[in-house]
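User: I want to go through the salt bridges and the fold of this protein, with the criterion behind each label. Please set each value against its cut-off.

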Amino acid sequence: MLRKSLYIVFFVAVLTYGGVAWSQNVVMNGDFEAGSANWAEWNSPQAWVNGTFGHDYGSGCDVWPPVPYPASGTHSHCQHVGANNVHGGLYQVVNVIPGTTYVVSGLWSGGIGGLVKGSTTTAAWFEITVYDGVATVAQIDSAPGPSDVTIAKKEWSGTNPYSFGWETFSATFIPQSNQVTLALKTGKIGDWDAIAAYHDNIRIEALAPPTPVPTMTEWGLVIFMLIAACGAIYYLRKRKQA
């Protein structure tokens, strides 16, 4: 009876104090229903950047993409610019568990307007990258490091105007830190044509709930509960014998 009681107390204690809170989706406002909430806007600090990104959080936003917005009834986030030599977007820092496999998924589309006659665009890109740890704007503006993961990327195809319609993206990463920075990056150099990128329904989810591992503090609570339970059982048995 005593052994059975101890097993029950131990099991309850581990469930109560040894677990790690697990959320299916760690991205806040990934569908942009709340506009810019939980997201930070950024622009490249480099001297060659002449324009700045403007952001719109309307519905649909089909400007250049040749196919309709697929998530009918929801909102999409739009980032757009009408100046040349720009690089910017959005980013968000999220909490993760090191060593756990996560999958990043969502919808995106984008394009270059080709509005200027004699366009001379030399480079354009659309990119979604996860930076390990809390990244600075300078880090986001540079190439990913060895611990960072590019989730999706498209580059200028050599024709102008250029666009890709709404499509899904998905890729996995394993964080080395307890926080990562999700960055949405769009940029171009070479002319004054407009460039736009659209994102929606962005999620970061663990492929499976992490295995609960009690910390030293939590183990202390477990041991305390076991001692208290043993004391209570010993007292009751002594009282019953008396």
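User: Why is the contact between Arg203 and Glu205 called a salt bridge?

Analyst: The term requires a side-chain nitrogen of Lys or Arg within 4 Å of a carboxyl oxygen of Asp or Glu. For the side chains of Arg203 and Glu205, the N to O distance is 3.1 Å. That meets the cut-off, so the label applies. This is a predicted model, where local features need pLDDT of at least 70 and side-chain atom pairs count only at pLDDT 80 or more, while totals for chains, interfaces and linings use all residues. Residues are numbered from 1 along each chain as its sequence is written, and side-chain values use heavy atoms, with hydrogens and water left out.

User: What makes Arg203 partly exposed?

Analyst: Its relative accessibility is 32%. Buried means under 20% relative accessible area, exposed over 50%, and partly exposed in between (1.4 Å probe, protein chains only). Arg203 falls in between, so it counts as partly exposed.

User: How many salt bridges does a search of the whole structure find?

Analyst: Four. Another of them joins the side chains of Glu127 and Lys153, at 3.8 Å from N to O. Glu127 lies in strand S6 (residues 123–132) and Lys153 in strand S7 (residues 149–155), so this pair ties together parts 26 residues apart in sequence. Strands (E, at least two residues) and helices (H or I, at least four) are DSSP runs, numbered from the N terminus.

User: What links Glu127, Lys153 and Lys185?

Analyst: A network of salt bridges. Lys185 also forms a salt bridge with Glu127, with the closest N and O atoms 3.5 Å apart. Lys185 lies in strand S9 (residues 179–189) and Glu127 in strand S6, so that pair ties together parts 58 residues apart in sequence.

User: What is the strand order of the open sheet of five strands?

Analyst: The order is S1-S4-S9-S6-S7, with antiparallel pairing. Strand S1 (40–43) and S7 are the edge strands, since each pairs on one side only. Neighbouring strands are turned by 15° against each other on average, direction ignored. Axes here are lines fitted to C-alpha atoms, for helices over the stretch in contact, and angles run from 0 to 180 degrees between N-to-C directions.

User: Why is Ala194 called buried?

Analyst: Its relative accessible area is 11%, which is under 20%, so the label holds. Ala194 lies in the loop between S9 and strand S10 (195–206). Ala194 and Asn85 are 109 residues apart in sequence and 9.9 Å apart in space, C-alpha to C-alpha.

User: What share of the protein's contacts between residues at least 6 apart in sequence join residues at least 24 apart?

Analyst: That share is 83%. Contact means heavy atoms within 4.5 Å. The protein has three helices and ten strands. Buried residues make up 43% of its 242 residues.

Note on methods:
Two strands pair if DSSP finds at least two bridges between them.
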